[in-house]
Amino acid sequence: MDDRHFARANVKWPVFISTDDSSRDGVTMNVSPCGAYILCGNPLRLNEVFDMTIDVPDSDWLIEARAEVVFSNIYGPDDKISPRGMGVRFLTIASKDRQIIAKEVLQ
């Protein structure tokens with residue numbers, strides 16, 4: 001199901017991204033139970049699959065997920081309308097982690 005069918009929470013949660021040959025940090029712009037938009041200076045390429053850890057502030061919770069890039073703003077403008085980053089779809093994520101995100105979306 002397309003991530004756009006779900007409400008999103010506009011939250012700024014730190015993210016650590018790890019690929020087979022590199023790593024980088026980012027921050028969520030928004031999240032849903034199915035994916036997120038991650039602000040980062042060096043977004044991954046479209047269709048790239050990677051592991052990520054989202055640090056949920058004000059808790060001891062870390063969300064671990066495997067994700068795929070479905071939108072990447074590598075070369076476009078980096079402004080308020082189109083901030084540098086990437087839209088990702090969660091491929092593998094624990095049910096409890098989806099519930100944590102869903103709870104945030106409902107607030």
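The model is predicted, so local features are reported at pLDDT of at least 70 and side-chain atom pairs only at pLDDT 80 or more, while totals for chains, interfaces and linings use all residues. Residues are numbered from 1 along each chain as its sequence is written, and side-chain values use heavy atoms, with hydrogens and water left out.

We can begin with strand β6. Helices (H or I, at least four residues) and strands (E, at least two) are DSSP runs, numbered from the N terminus, and two strands pair if DSSP finds at least two bridges between them. Strand β6 (residues 85-93) runs antiparallel to strand β3 (residues 35-39), with 5 bridges joining them. Within this pairing, R89 of β6 stands opposite G35. Strand β6 also pairs with strand β5 (residues 62-72), again in the antiparallel sense, over 7 bridges. Here M86 in β6 is the bridge partner of S72.

A nonpolar core is a set of buried Ala, Val, Leu, Ile, Met, Phe, Trp, Tyr and Cys residues joined through side-chain atoms within 4.5 Å; buried means under 20% relative accessible area, exposed over 50% and partly exposed in between (1.4 Å probe, protein chains only). The largest such core has 25 residues, and those with the most contacts inside it are F50, M52, M86, V88 and F90. Two or more residues each come from β1 (14-18), β3, β4 (49-55), β5, β6 and α1 (95-106). Contact means heavy atoms within 4.5 Å. By that criterion, and leaving aside neighbours within four places in sequence, V88 is in contact with C34, G35, A36, I38, F50, M52, A67, E68, V69 and V70.

Rings of Phe, Tyr and Trp (its six-membered ring) pair if their centres lie within 6.5 Å; planes under 30 degrees apart count as stacked, over 60 as edge-to-face and the rest as tilted. The structure holds 1 aromatic pair. It is formed by Y37 and F71 and is tilted, at 6.3 Å centre to centre with 35 degrees between the planes. The pair links distant parts of the chain, as Y37 in strand β3 and F71 in strand β5 are 34 residues apart. Y37 counts as buried because its relative accessibility is 11%, whereas F71, at 43%, counts as partly exposed.

Y37 is also touched by T28, a residue of strand β2 (residues 23-32). T28 is buried, with a relative accessible area of 0%. Beyond residues up to four places away in sequence, T28 touches V11, K12, W13, V15, A36, Y37 and I38.

The loops complete the picture. N47, in the loop between β3 and β4, has a positive phi of about 75 degrees although it is not a glycine. D58, in the loop between β4 and β5, likewise has a positive phi, near 60 degrees. D58 is exposed, with a relative accessible area of 86%. G76 lies in the loop between β5 and β6 and, at 25% relative accessibility, counts as partly exposed.
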